[in-house]
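Visitor: I would like a guided walk through this structure. Please keep the answers brisk.

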Amino acid sequence: MTKVAFASDHAGYDLKKHLENLMESRGYEICDFGTDSTESCDYPDFAHPAAEAVESGKCAFGICMCGSGNGIQMTLNKHQGIRAALCWLPEIASLAKQHNNANILVLPARFISEKEAEEILDAYLNAEYEGGRHQRRIDKIPVA
């Protein structure tokens, strides 16, 4: 069973729960790193553990969200082994996987509907990394 890391702040909580239920119904195992309510909180508290789970291989990939997606994406991408992609359209999610081998999908919870989030998620899940010339670029991303 594939394990998936989930994390959000208060703004992304409802969408996170919706997508967790969807993924569970599809046979994925959910690793929820928080938050656990819509009470105001700080996204880095949940983004860092989710990123560490993906980096270590505990989880195959991640799905994270906050209000705009920007803050949580910035936090996730501080981890050298993470390639978190902020996606608001299915086509962007496909390209994030095909060209950038994104290992965390980031969603802007306040700017997309549940239906749009499902379409973006499906595009990400159905895309395959193309490798080739893209790997050369990915190899240049880490600082250390």
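Visitor: Where in the chain is Ala123 placed, and is Ala123 buried or exposed?
Guide: Keep in mind that this is a predicted model. Ala123 is placed in helix H5. Its relative accessible area is 14%. Buried means under 20%, so Ala123 is buried.

Visitor: Which residues is Ala123 in contact with, leaving aside its neighbours within four places in sequence?
Guide: Ala123 belongs to helix H5. With neighbours within four places in sequence set aside, the contacts of Ala123 are Pro90, Ala93 and Ser94.

Visitor: How far apart in space are Ala123 and Phe33?
Guide: In sequence, Ala123 and Phe33 are 90 residues apart. In space, C-alpha to C-alpha, the separation of Ala123 and Phe33 is 23 Å.

Visitor: Are helices H4 and H5 roughly parallel or roughly antiparallel to each other?
Guide: Two packed helices are described by the angle between their axes and the distance between the axes. Helix H4 covers residues 90–100, and its axis is 8 Å from that of H5. The packing angle of H4 and H5 is about 25°. Angles under 35 degrees count as roughly parallel, so H4 and H5 are roughly parallel.

Visitor: Is the crossing of H4 and H5 left-handed or right-handed, and which residues make the contact?
Guide: H4 passes H5 in a right-handed crossing. From H5, the contact uses Glu119, Ile120, Ala123, Tyr124 and Leu125. From H4, it uses Pro90, Ala93, Ser94 and Lys97.

Visitor: How do the residues of the contact of H4 with H5 divide by class?
Guide: Glu119 of H5 and Lys97 of H4 both take part in this contact. Both Glu and Lys count as charged. The division is six nonpolar, one polar and two charged.

Visitor: Is Ser94 buried or exposed, and which residues does Ser94 touch?
Guide: Ser94 lies in helix H4. Its relative accessibility is 18%, so Ser94 counts as buried. Not counting residues up to four places away in sequence, Ser94 touches Ala123 and Ala127.

Visitor: What is the relative accessibility of Leu95, and how far in space is Leu95 from Glu24?
Guide: Leu95 is placed in helix H4. At 41% relative accessibility, Leu95 counts as partly exposed. Leu95 and Glu24 are 71 residues apart in sequence. Their C-alpha atoms are separated in space by 25 Å.

Visitor: What is phi of Asn101, and where is Asn101?
Guide: Asn101 has a relative accessible area of 24% and is partly exposed. Its place is in the loop between H4 and strand E5 (104–108). Asn101 is a residue other than glycine, yet its phi is positive, near 50°.

Visitor: At what angle do the axes of helix H1 and helix H5 cross?
Guide: H1 spans residues 13–25 and H5 spans residues 114–126. Their axes come within 11 Å. H1 and H5 are oblique to each other, and their crossing is right-handed. The angle is roughly 50°.

Visitor: Which residues make the contact of H1 with H5, and how many are nonpolar?
Guide: H1 contributes Leu15, His18, Leu19, Leu22 and Met23. H5 contributes Glu114, Ala117, Glu118, Leu121 and Leu125. By class, one is polar and two are charged, while the nonpolar residues number seven.

Visitor: Which peptide bond is cis, the one from Gly34 to Thr35 being of interest, and what is its omega?
Guide: Thr35 sits in the loop between strand E2 (29–32) and helix H2 (44–56). The bond from Gly34 to Thr35 is cis, with omega near 0°.

Visitor: Is Thr35 buried or exposed, and which residues does Thr35 touch?
Guide: Thr35 has a relative accessible area of 7%, so Thr35 is buried. Residues up to four places away in sequence are not counted here. Thr35 touches Ser8, Asp9, His10, Tyr13, Lys16, Cys41 and Phe46.

Visitor: What pattern does the chain follow along the sequence?
Guide: The chain has six helices and five strands. Read along the sequence, their pattern is β-α-β-α-β-α-β-α-β-α-α.

Visitor: What is the radius of gyration of the chain?
Guide: The globule rule gives 15 Å for 144 residues. The chain comes close to that value, so it is as compact as a globular protein of that length. Its radius of gyration is 14 Å.

Technical notes
Residues numbered from 1 in each chain as written. Predicted model: local features only at pLDDT ≥ 70, side-chain atom pairs only at ≥ 80, totals over all residues. Heavy atoms only, no water. Axes fitted to C-alpha atoms, helices over the stretch in contact; angles between N-to-C directions. Helix = DSSP H or I, 4+ residues; strand = E, 2+ residues; numbered from the N terminus. Parallel < 35°, antiparallel > 145°, perpendicular 65-115°, else oblique. Left-handed = near helix turned anticlockwise from the far one by under 90°. Contact = heavy atoms within 4.5 Å. Rg over C-alpha atoms; globule rule 2.2 N^0.38 Å. Buried < 20%, exposed > 50% of the residue type's maximum accessible area, 1.4 Å probe, protein only.
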